[in-house]
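Here's a quick tour for anyone meeting this protein chain for the first time. Have a look at the model, then read on.

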Amino acid sequence: MCIGIPLRLSAIDGIVGRAEDGAAIDLSLVPEAGPGDWVLGFLGAARRLLEPEEAAQILDALAAMAAALDGEALDSAFADLTGREPTLPPHLEAARVAGLTEA
């Protein structure tokens, strides 16, 4: 499995960006990216631009995964999900309402 990592760009030289952590990243798919922008990187290539809030959510989720692997409590993880009930996609909600229990 490949996990996308948010990276904040500090410099750009042609199609190669330099992230704040020093990583080099191919910007061929996001030529509009500039210094200070967040990108979602997969295997050394930026796939799309990220808003700072989305980058923070992804980084928080990755930190929570690392904490879970270390056996730490996750009380403060996934703050964006607190205070609301989980919802099903419309097709699954329709199946639930119809009483379907098997695929």
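What follows goes from the overall layout down to a few single residues.

First, some ground rules: this is a predicted model, where local features need pLDDT of at least 70, side-chain atom pairs count only at pLDDT 80 or more, and totals for chains, interfaces and linings use all residues. Residues are numbered from 1 along each chain as its sequence is written, and side-chain values use heavy atoms, with hydrogens and water left out.

**The whole chain**

The protein chain has five strands and two helices; both kinds are DSSP runs numbered from the N terminus, helices being H or I with at least four residues and strands being E with at least two. Read from the N terminus, the order is β-β-β-β-β-α-α. The radius of gyration is 18 Å, well over the 13 Å that the globule rule gives for 103 residues, so the protein chain is more spread out than a compact globule. That radius is taken over C-alpha atoms, and the rule is 2.2 Å times the number of residues to the power 0.38. Along the principal axes, the C-alpha trace spans about 55 × 30 × 25 Å.

How much of the chain is buried? Of its 103 residues, 21% count as buried (under 20% relative accessible area; exposed is over 50% and partly exposed lies in between, with a 1.4 Å probe and protein chains only).

**Helix α1**

Helix α1 takes in residues 52-69, which makes 18 residues, and its first and last C-alpha lie 26 Å apart, close to the 26 Å expected at 1.5 Å a residue. That expectation is 1.5 Å times one less than the number of residues. Ala55, Ala64 and Ala67 are the buried residues of α1, and their cover includes β1, β4 (38-42) and β5 (45-50). Just after α1 comes Gly71, with a positive phi of about 80°.

**Two loop residues**

Ile15 sits in the loop between β1 (5-13) and β2 (16-19). Setting aside neighbours within four places in sequence, Ile15 is in contact (heavy atoms within 4.5 Å) with Ile25, Asp26, Leu27 and Ser28.

Glu51 belongs to the loop between β5 and α1. Is Glu51 buried or exposed? Glu51 is exposed, with a relative accessible area of 53%.

Here is how each of these residues is placed against a partner elsewhere in the chain:

| Pair | Apart along the chain | C-alpha separation |
|---|---|---|
| Ile15 and Glu54 | 39 residues | 23 Å |
| Glu51 and Asp37 | 14 residues | 8.1 Å |
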